[in-house]
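Visitor: I would like to learn how to read a structure like this one. Where should we begin?

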Amino acid sequence: MTTACCDHCDGSLQNLFEAALRRSHGREFGNRSGRAADQTNRLQVVIRLEVMDNVVAEADYKATTCATLLAYCELLARMLRGRPIAEALGIRAVDLIQRVRGVPPTRHSRAALAIAALRAALADEEAKGSNSK
Amino acid sequence: MKVAYIFSTAGHTVSYKLGRMILPQLEEDRHGAEVVGMFFFEDNTYLMRKGDPIGERLVKVAQEKNILLMCCDQCCYEREIADKLFDGVSIGCFPDLYQALGANPPDQVITL
């Protein structure tokens with residue numbers, strides 16, 4: 001039986017991966033984008049965001065076709081939509097890892113890669129937050 | 001000669017060709033080729049799930065002979081066993097397999 005772990009997914013990597021494959025990720029949109037790469041494993045992610053009034057109105061991604069990475073990116077995009085920038089910056093790799101069951105520890109670095117792309121997309125906002133403290 | 005096996009077809013593949021031929025021959029040091037890696041697709045991945053008796057023997061001989069054991073990651077996720085494999089058995093796709101075999105490449109890749 002599949003049990004929902006949050007509002008964004010049912011905890012199944014397979015379902016997130018299949019959703020990622022069904023979606024078209026080629027569209028150019030948004031006013032923020034960030035890229036992160038893992039040279040060792042030849043993986044990369046580009047996160048695109050449409051930010052309006054300090055809220056992520058839309059989020060999409062384009063990633064290397066690794067099942068684990070695509071699943072984490074799909075979940076991250078779902079978590080980002082409608083979320084204030086301040087909250088989006090608070091999402092950590094462990095938040096993705098905890099929501100998707102069955103991923104062995106050797107694949108957890110894919111979550112960190114997705115978060116690194118998010119950080120790159122929101123680098124300006126993160127700097128503003130740091131400067132205002 | 002160094003070989004790598006890819007267990008692609010399901011059915012009688014791992015219980016018969018691996019379990020009754022390749023594995024006993026490796027255990028008896030008379031297989032005739034140096035096996036550097038084995039990659040498992042689809043239902044063949046169940047062999048690498050903790051508790052499988054053939055898998056247990058294979059993991060033991062793989063540790064002794066430094067044989068890479070890897071399962072298709074998508075196949076494991078689909079079957080929800082990616083985190084239930086024997087210690088030392090990794091998951092991955094072709095880039096991971098080629099990278100892992102890069103340091104000790106096979107002369108032949110045999111698909112069963």
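**Reading contacts, burial and confidence**

Guide: Begin with one residue and its contacts. Leaving aside neighbours within four places in sequence, A:C73 is in contact with A:A20, A:V45, A:Y61, A:A63 and A:A114. Keep in mind that this is a predicted model.

Visitor: Which residues touch the most other members of the largest nonpolar core?

Guide: That core has 68 residues, and those touching the most other members are A:V45, A:A71, A:Y72, A:C73, A:L76, A:A114 and B:C71. The largest share of the core, eleven residues, comes from α2(A).

Visitor: At what angle do helix α1 and helix α2 of chain A pack?

Guide: The angle between helix α1 (residues 13-22) and helix α2 (residues 67-80) of chain A is about 85°, and their axes are 8 Å apart. An angle of 65 to 115 degrees counts as roughly perpendicular, so α1(A) is roughly perpendicular to α2(A).

Visitor: Which residues make that contact?

Guide: From α1(A) come A:L13, A:L16, A:F17, A:A19 and A:A20. From α2(A) come A:A67, A:T68, A:L70, A:A71, A:C73, A:E74 and A:L75. Sorted by class, the contact of α1(A) with α2(A) has ten nonpolar residues, one polar and one charged.

Visitor: Now the two chains. How many residues of chain B are in contact with chain A?

Guide: Eleven residues of chain B are in contact with eleven residues of chain A. On the side of chain B that touches chain A, the elements giving two or more residues are α3 (73-79) and β4 (90-92) of chain B. The most come from α3(B), with four residues. By class, this side of chain B divides into five nonpolar, two polar and four charged residues.

Visitor: Let us take a residue of β4 in chain B. Is B:G92 buried or exposed?

Guide: The way to decide is to count C-beta atoms around the residue. A residue is buried if 20 or more others lie within 10 Å. B:G92, in strand β4 of chain B, has 23 other C-beta atoms within 10 Å and is therefore buried. Not counting residues up to four places away in sequence, B:G92 touches B:M70, B:D73 and B:L97.

Visitor: What does distance along the chain say about distance in space?

Guide: Compare the two for a few pairs. B:L26 and B:V61 are 35 residues apart in sequence, and their C-alpha atoms are 7.2 Å apart in space. B:G92 and B:N44 are 48 residues apart along the chain, with 14 Å between their C-alpha atoms. A:T106 and A:N54 are 52 residues apart in sequence and 35 Å apart in space, C-alpha to C-alpha.

Visitor: Where does B:L26 lie, and which residues does B:L26 touch?

Guide: B:L26 lies in helix α1 of chain B. With 20 other C-beta atoms within 10 Å, B:L26 is buried. Beyond four places in sequence, B:L26 touches B:H31, B:V35, B:V61 and B:K65.

Visitor: And where is A:T106?

Guide: A:T106 lies in the loop between α4 (93-99) and α5 (109-121) of chain A. It has 13 C-beta neighbours inside 10 Å, so A:T106 counts as partly exposed.

Visitor: Last, confidence. Where is it lowest in chain A?

Guide: Where pLDDT is low, the predicted coordinates should not be read in detail. In chain A, confidence is lowest in helix α6 (residues 123-132), at a mean of 71, and highest in α5(A), at 97. Chain A averages a pLDDT of 89, and 90% of the residues score at least 70. Chain B averages 94, with 100% of the residues scoring at least 70. For the complex, the predictor gives an ipTM of 0.79 and a pTM of 0.85.

Key:
Residues are numbered from 1 along each chain as its sequence is written. Chains are lettered from A and ligands numbered from 1 in the order in which they are written. This is a predicted model: local features need pLDDT of at least 70, side-chain atom pairs count only at pLDDT 80 or more; totals for chains, interfaces and linings use all residues. Axes are lines fitted to C-alpha atoms, for helices over the stretch in contact, and angles run from 0 to 180 degrees between N-to-C directions. Angles under 35 degrees count as roughly parallel, over 145 as roughly antiparallel, 65 to 115 as roughly perpendicular and the rest as oblique. Two residues are in contact if their C-beta atoms, placed from the backbone, lie within 7 Å. Ala, Val, Leu, Ile, Met, Phe, Trp, Tyr, Cys and Pro count as nonpolar, Asp, Glu, Lys and Arg as charged, and the others, Gly among them, as polar. pLDDT is the predictor's confidence in each residue, from 0 to 100. A nonpolar core is a set of buried Ala, Val, Leu, Ile, Met, Phe, Trp, Tyr and Cys residues joined through C-beta atoms within 7 Å. A residue is buried if 20 or more other C-beta atoms lie within 10 Å of its own, exposed if 12 or fewer, and partly exposed in between; C-beta atoms are placed from the backbone.
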